[in-house]
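I opened my notebook for a friendly walk through this model. Here is what I looked up, entry by entry.

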Amino acid sequence: MTTSTTVRNRAKAGVVGLAAAALAGTAFTAPAEASPDPAPATGHHRVTQRAMDAAVKAGVPGITAQARDADGVWKAASGVGNLKTGEPRGKHDRFRVGSITKTFVATVLLQMEAEGRLDLDDKVERHLPGMVRGNGNDGRKITVRQLLNHTSGLFDYLADKKYSRTYLEGDGYLRHRYDTLPPEKHVKVALSHKPNFRPGTDFSYSNTNYVLAGLIIEKLGKRTYEKEVRERIIKPLGLKETSNPGNGVHLPRPSSRGYAKLFPAQPNRIDDITEMNGSQGWADGDIISSAGDLTRFYRALMRGKLLPPRQLKAMKTTVNDPESTGFAYGLGLGKLTTSCGTTLWGHAGGMVGWLSMAVTTEDGSHQLAYNHNGDWVGDLSPVMNAEYCGTSSRSR
């Protein structure tokens, strides 16, 4: 989520930019991995640190990052976490991960499919009867799979101009950031628009899809989406720095402040936006985590510790984004290529004041996660390319 005229672009950043799985109704859980001592900034990590420092020099207040590979765990930070006091950005900071939440949500639904509670090709109408109707929108023609891979055609509620002015921009954001917004409100905003295309005929990233996915999780699980994520992913993997905020407005400690440029007509104005009601993100972007927990999550996911092989294969079955060369989207998981040709899987996330990226190699051997505590320097690829290619060139 983001500000003013860049709502669509930040939603796109969320594209380019997790649980016990069940087999035959019996859950199995992966033990929490112990974190080895941080590796020194040698080799490619030195290049990654330089890319982080360059991003700070370009205007990002601060960056926190962690990489995990065969050499161990490398933790780093650059810049400041508090513009008022000058306190440096922390290596263990927690932050709002934005659309990285979508990988968690898709993982839960795929676990539920493995348990026989749904089929990916079920129509949305079957699980949310009567909810998706009006203005040409029809839940009887949209499948769960099409929600998860953004081929439903449903309008992105964040792109609604009135919603953006009220909750994402300038004085509207500052006035309403403590408001509690039920997920049904987001759906209602989306359904006030005609669909972008017939279901299954194109790709268009829409946060509305994952609001509906969260509602399906609640319908099937008969408990909150947040509890499903907690019981299926956070607790089994020992992700102690990961949480769903619910209606809470504060970040857990340790954390830095988040900053946004909410007023396009005042490009030098920077507002502290750290506090906001978590319900304004919900299943499309509410999770709070750390770089360390995100690397552990994607490592476990790619190594098959969260999903049976059939469901993991479905998650990695992609559709192309016609507007992004070298990028494809699976089920809550993006596939992209670095500047040196390395294939990575993961997700990016944008919230007002925060930009995050978490990626992994397909074999689960090398992860990277990092966060900007400012939302106006939007290119996340230099740090990623530095880590995987030894260069900060843009990804292809």
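**Entry 1, the disulfide.** I began with the link of cysteine 340 and cysteine 389, which is left-handed, with -70° about the S-S bond. Cysteine 340 lies in the loop between strand E13 (334-337) and strand E14 (343-351) and cysteine 389 in helix H13 (residues 381-389), so the pair ties together parts that are 49 residues apart in sequence. I read the S to S distance as 2.1 Å; a disulfide here is a pair of cysteine sulfur atoms within 2.5 Å. My search of the whole structure found 1 disulfide.

I then checked the cover on each cysteine. Cysteine 340 is partly exposed at 42% relative accessibility, and cysteine 389 is partly exposed at 22%. For these words, buried means under 20% relative accessible area, exposed over 50%, and partly exposed in between, with a 1.4 Å probe and protein chains only.

**A note on the source.** This is a predicted model, where local features need pLDDT of at least 70, side-chain atom pairs count only at pLDDT 80 or more, and totals for chains, interfaces and linings use all residues. Residues are numbered from 1 along each chain as its sequence is written, and side-chain values use heavy atoms, with hydrogens and water left out.

I noted 13 helices and 16 strands in the protein chain; helices (H or I, at least four residues) and strands (E, at least two) are DSSP runs, numbered from the N terminus. Of the 396 residues, 60% are buried.

Is serine 356 buried or exposed? I found serine 356 buried, with a relative accessible area of 0%, and placed in strand E15 (residues 354-361). Its side chain makes a polar contact with the side chain of asparagine 371 at 2.9 Å. A polar contact is a pair of N or O atoms within 3.5 Å; within protein, one must be able to donate a hydrogen and the other to accept it, and residues adjacent in sequence count only if both atoms are side-chain atoms.

Histidine 150 has a phi of about 60° and lies in the loop between helix H5 (144-148) and helix H6 (161-167); histidine 150 is buried at 0% relative accessibility. Lysine 222 has a phi of about 55°, but lysine 222 is exposed at 75%.

My last stop was a cis peptide bond joining arginine 253 and proline 254, with omega about -5°.
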